[in-house]
Amino acid sequence: MTTFDDIAPSLSRQAIELPSWAFGNSGTRFKVFTTPGTPRSIEEKLADAAQVHELTGLAPSVALHIPWDRVDDYDKLSRFAADLGLRLGTVNSNTFQDDDYKFGSLTHVDERVRSKAIAHMHECIDIMDVTGSRDLKIWLPDGTNYPGQGDLRDRQDRLADSLQQVYARLGEHQRLVLEYKFFEPAFYATDVPDWGTSLVHCLALGERAVVCLDTGHHAPGTNIEFIVAQLLRLGRLGSFDFNSRFYADDDLIVGAADPFQLFRILYEVIRGGGYDDDSDVVFMLDQCHNIEDKIPGQVRSVLNVQEMTARALLVDRQALREAERAGDVLAGNGILMDAFYTDVRADLADWRAGRGLPADPMKAYAESGYQERIAADRFGGTPAGWGA
Ligand code: PSV
Ligand code: MN
């Protein structure tokens, strides 16, 4: 029997990376609602992210998205982040908002456009060199809407060649993290639609190419924890983009739609060594807060991940292994479910209080007056959003 006291020390090594864009406005193709106090710059996004870390102790780094977070001086930005108690993390490339990329980026048939996309990846690596970020994350919008629009095979060949050119520019301690997604914006064929395709490209590139698993990027019913187990087994799970979905790539708060799925994923992470001290797996959020306040939305998200991590750590792995080996189906399932149904919220509140953190970070944020302050202070300018 594993108790909360047994797992408490493991909780202190949890680190969840926040996406800078979660603090900006986002929406659907129908409407983007703005929130008073929305940041107008990356500096203001970092200030908001610092609130999340201050209240939870769980979010020491922030991922950038280029060009949304482009600045003149990245060294200055790193120091700005450090003064807030934060670190700049993964650099996310963006080849989905430029007219040139209508028919693809790293897969584009036109060498001019393909070179431009490769140059963008190189720019991201230049930024990483200054910020000290380890990971370049590539998610591509590339794909086709109609059979016959493009040659599926040629597109893979061009992709492989482009990725080689990007990988070759990486420093010794940097990684290329390739994210997959089964559809959208392309509706017929996506060029990196699944973990298999991502893995195939990573294997061809070399050891420092790893897969990013965005939990919202699978067809309904996909067994995501199986993918986690397999990628960890092969040493190729680079990072998570955590969020949750009811229908498509909804980008809702992680753990909101299906807490049990999050539990199963985190169990496999722990089982596979992805939560070990020396693990290189990055636990990032990739979410959009379209209608809820963004800072408490991020606070709730990191707390959800912490809560499910605690429950997954509570699984009595020795007993589970014995049940599995004995073919005791119901005992094995019962052991997992016992851990999943354990309410750890009061223990986590005590754990936080013992570390000088607010026992209830959501309440502490609501009472802090920060939301009212930014709503009053951030006057004028353009709120950050997907176009910024
Ligand atoms: C694509 O849907 C994606 O998941 C990629 O990670 C992008 O960079 C991100 O969304 C933007 O939110
Ligand atoms: Mn993502």
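Start by selecting Asp251, which in this predicted model has its place in the loop between strand 9 (237–242) and helix 8 (259–271). Its phi is near 55°, a positive value in a residue other than glycine, and Asp251 is buried, with a relative accessible area of 9%.

Most residues other than glycine have a negative phi, and most peptide bonds are trans. Glu184 is partly exposed, at a relative accessible area of 33%.

Another cis peptide bond can be found by selecting Ile66 and Pro67, where omega is about 20°. Pro67 lies in the loop between strand 2 (61–65) and helix 3 (74–83).

Finally, select ligand 1, which takes up the space of the largest pocket. Display the residues around the ligand, among them Trp21, His65, Glu179, Asp241 and Trp386; the shell divides into three nonpolar, two polar and seven charged residues. Which side chain places a polar atom 2.8 Å from an oxygen atom of ligand 1? That side chain belongs to Asp286, while Lys181 has a polar side-chain atom 2.9 Å from a ligand oxygen and Lys137 has one at 3.4 Å from an oxygen of the ligand. Taken alone, ligand 1 exposes 310 Å², of which the protein buries 97%.

Notes: Residues numbered from 1 in each chain as written. Chains lettered and ligands numbered in written order. Predicted model: local features only at pLDDT ≥ 70, side-chain atom pairs only at ≥ 80, totals over all residues. Heavy atoms only, no water. Near = heavy atom within 4 Å. Polar contact = N/O pair within 3.5 Å; in protein donor to acceptor, adjacent residues only side chain to side chain. Areas by Shrake-Rupley, 256 points an atom, 1.4 Å probe, with all protein chains shown as cover. 1 Å grid on protein atoms, 1.4 Å probe; cavity = no way out; pocket = protein on both sides within 12 Å on 5 of 7 lines; lining within 4 Å. Sits in = over half its atoms within 2 Å of the grid points. Nonpolar A, V, L, I, M, F, W, Y, C, P; charged D, E, K, R; others polar. Helix = DSSP H or I, 4+ residues; strand = E, 2+ residues; numbered from the N terminus. Buried < 20%, exposed > 50% of the residue type's maximum accessible area, 1.4 Å probe, protein only.
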